[in-house]
Amino acid sequence: MDGIILLGAPGAGKGTVADDLKARGRFLHLSTGDMLRDAIKAGRPLGLKAKGYMDRGELVPDEVVAQLIEERLDESAKDAHFMFDGYPRTTRQAEMLDEALARRGGKILNVFLLDVARDLLIARIAGRRICRQCGGVYNVNNANMRPKIEGVCDRCGGEVYQRSDDNEATVSNRLEIFQSKTRSLIEFYEKQGKLVSVDAEDRFKTLEAILAHLSGPR
Ligand code: AMP
């Protein structure tokens, strides 16, 4: 059991890169944001605990997200390869993830830091739409990323909607939290020699850079 981490601000393209990598079949996508939204939809107590934090754009307590990750690791095959999207977001979570994988004989291979200018992040979040069913990512402000039929997922026919926390007030809070927490996370993974910075302004170049690194020597 091992994995890579997609690290980046809201709107950096973690979900989009995850979609692209998923299509190649190697990695299982594990997004704590998606898992929390599912827990809320299912009315789980853990989801109710998380909802207030999410609505305010704040981080959900470390133990809550760590519990979701543990559950998912337990359900997965012992030889699974994961891509963690939106997790970890704090050094405490990073430590817990290392421990959780080590207990299962695994480790993090690489951490890809998706680098995008703030203006572009804000524009991407404003246009972002998500499929309620499969989590597919769309963007109504980008001709190459609009669903073919408005409001309908190209892949599964699910409803394509705008996340309630993708609004202006919440977004600036989420970007600030990302800035304040990320520096120590970056240091954590730099010390381990696992951090790879990727210019993530262009979807296809981002994927190429990640794939080149994954197939290169380690
Ligand atoms: P995301 O879908 O990754 O943008 O996450 C949406 C929201 O879920 C965040 O603004 C947080 O409130 C919460 N969340 C997702 N992942 C985490 C995490 N690893 N730690 C704490 N909160 C999280």
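At roughly what angle do the axes of helix H5 and helix H7 cross?

1. **The helix pair.** This is a predicted model. In it, helix H5 covers residues 91-103 and helix H7 covers residues 168-191. Their axes cross at roughly 35°. They come within 9 Å of each other.

2. **Who touches whom.** From H5, look for Thr91, Ala94, Glu95 and Asp98. They meet Ser184, Leu185, Phe188 and Tyr189 in H7. By type, the residues of this contact are four nonpolar, two polar and two charged.

3. Now turn to the ligand.

4. **Where the shell comes from.**

5. **Polar atoms at the ligand.** Threonine 32 places a polar side-chain atom 2.8 Å from a nitrogen atom of the ligand. Glutamate 58 uses its backbone instead: a polar atom there is 2.6 Å from a ligand oxygen atom. Glycine 86 also uses its backbone, with an N or O atom 2.9 Å from a nitrogen atom of the ligand.

6. **Buried or exposed?** How much of the ligand's area does the protein bury? Taken alone, the ligand exposes 480 Å². The protein buries 97% of that.

Terms used: Residues are numbered from 1 along each chain as its sequence is written. This is a predicted model: local features need pLDDT of at least 70, side-chain atom pairs count only at pLDDT 80 or more; totals for chains, interfaces and linings use all residues. Side-chain values use heavy atoms; hydrogens and water are left out. A polar contact is a pair of N or O atoms within 3.5 Å; within protein, one must be able to donate a hydrogen and the other to accept it, and residues adjacent in sequence count only if both atoms are side-chain atoms. Accessible areas come from the Shrake-Rupley method with a 1.4 Å probe; for residues, only the protein chains shown count as cover. Axes are lines fitted to C-alpha atoms, for helices over the stretch in contact, and angles run from 0 to 180 degrees between N-to-C directions. Helices (H or I, at least four residues) and strands (E, at least two) are DSSP runs, numbered from the N terminus. Contact means heavy atoms within 4.5 Å. Ala, Val, Leu, Ile, Met, Phe, Trp, Tyr, Cys and Pro count as nonpolar, Asp, Glu, Lys and Arg as charged, and the others, Gly among them, as polar.
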